[in-house]
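Subject: Structure handover

Hi there,

Here is the structure I promised to pass on to you. Have a look at it first, and then read on.

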Amino acid sequence: MDKTGGGLFTFHPKCLFLQCVTHQNMKKLKEIKLSHLQLDFLLNKEEKKGFSFLLNHGVYCTRCNAICAKGVVNYTLRLNRFNDIVVDGECAVCGQKVTRVMEFGENILFFEKAMDYRESLQN
Ligand SMILES: [Zn+2]
């Protein structure tokens, strides 16, 4: 996802800012699997649009040597330790395995929702 700098509130979950509580907690985060239903729960309407845009126009295929022209199929989802969404799937054109990290974890609202979700898993 492209970063547009600035804004009143800038959140850097990947920074090394030691006072950043979120960042300290994050070191302990595990990578977890996400079902499509769980993803549906985590993303709001706008984020779903972003997700499907990236899925169809933002995944690079090394065999096609281009962005997967027909998007990605048969994909599974993970939440990585930064609360980014990782998509593992196949290029719809040639079947090559493709992976794309979608940096949703940089969005503080998504990040917090993902944290709540992780907590709900532990209970
Ligand atoms: Zn391909």
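**Confidence**

This is a predicted model, in which local features need pLDDT of at least 70 and side-chain atom pairs count only at pLDDT 80 or more, whereas totals for chains, interfaces and linings use all residues. Residues are numbered from 1 along each chain as its sequence is written.

The pLDDT is the predictor's confidence in each residue, on a scale from 0 to 100. The protein chain averages 85, and 77% of the residues score at least 70. Please be careful with residues 1-9, where pLDDT stays under 50. For that stretch the model has two contacts beyond four places in sequence; a contact here is a pair of residues whose C-beta atoms, placed from the backbone, lie within 7 Å. Among the elements of the protein chain, helix α1 (residues 21-26) has the lowest confidence, with a mean of 59, while strand β5 (residues 85-91) has the highest, at 98.

**Overall layout**

The protein chain has four helices and six strands. Both kinds of element are DSSP runs numbered from the N terminus: helices are H or I with at least four residues, and strands are E with at least two. Read from the N terminus, the order is α-β-α-α-β-β-β-β-β-α. Of the contacts in the protein chain with a separation of 6 or more, 48% join residues 24 or more positions apart.

**The sheet**

Four strands make an open sheet in the order β1-β4-β5-β6, with antiparallel pairing. Two strands pair if DSSP finds at least two bridges between them. Because β1 (32-34) and β6 stand at the edges with a single partner strand each, one side of each has no neighbour in the sheet. On average, neighbouring strands of this sheet are turned by 30° against each other, direction ignored; the axes behind that angle are lines fitted to C-alpha atoms, for helices over the stretch in contact, and angles run from 0 to 180 degrees between N-to-C directions.

Going across the sheet, β1 and β4 pair over three bridges, and K33 has R78 in β4 as its bridge partner. Next, β4 and β5 pair over six bridges, with V72 opposite C91 in β5. Their hairpin has five residues between the strands, and N83 takes a positive phi near 60° there. Finally, β5 and β6 pair over six bridges; V86 is partnered by V101 in β6, and G89 by V98 in β6. This hairpin also has five residues between its strands, and G95 in the turn has a positive phi of about 85°.

A residue is buried if 20 or more other C-beta atoms lie within 10 Å of its own, exposed if 12 or fewer, and partly exposed in between, with C-beta atoms placed from the backbone. By that rule, 18% of the 123 residues of the protein chain are buried. A nonpolar core is a set of buried Ala, Val, Leu, Ile, Met, Phe, Trp, Tyr and Cys residues joined through C-beta atoms within 7 Å.

Which members of the largest nonpolar core touch the most other members? Of its 15 residues, these are V59, C68, V72, V98 and M102. At least two residues of this core come from each of α3 (45-57), β4 (72-79), β5 and β6 (97-102), and β5 gives the largest share, three residues.

- V72 lies in strand β4 and counts as buried because it has 22 C-beta neighbours inside 10 Å. Beyond four places in sequence, its contacts include L55, V59, V87 and V98. The C-alpha atoms of V72 and V59 are separated by 7.5 Å, with the two residues 13 apart along the chain.
- C68 is in contact with V59, C61, C91, A92, V93 and V98, leaving aside neighbours within four places in sequence.
- F51 is in helix α3 and counts as buried, with 21 C-beta neighbours inside 10 Å. Not counting residues up to four places away in sequence, F51 touches L43 and M102. F51 and V87 are 36 residues apart along the chain, and their C-alpha atoms are separated by 10.0 Å.
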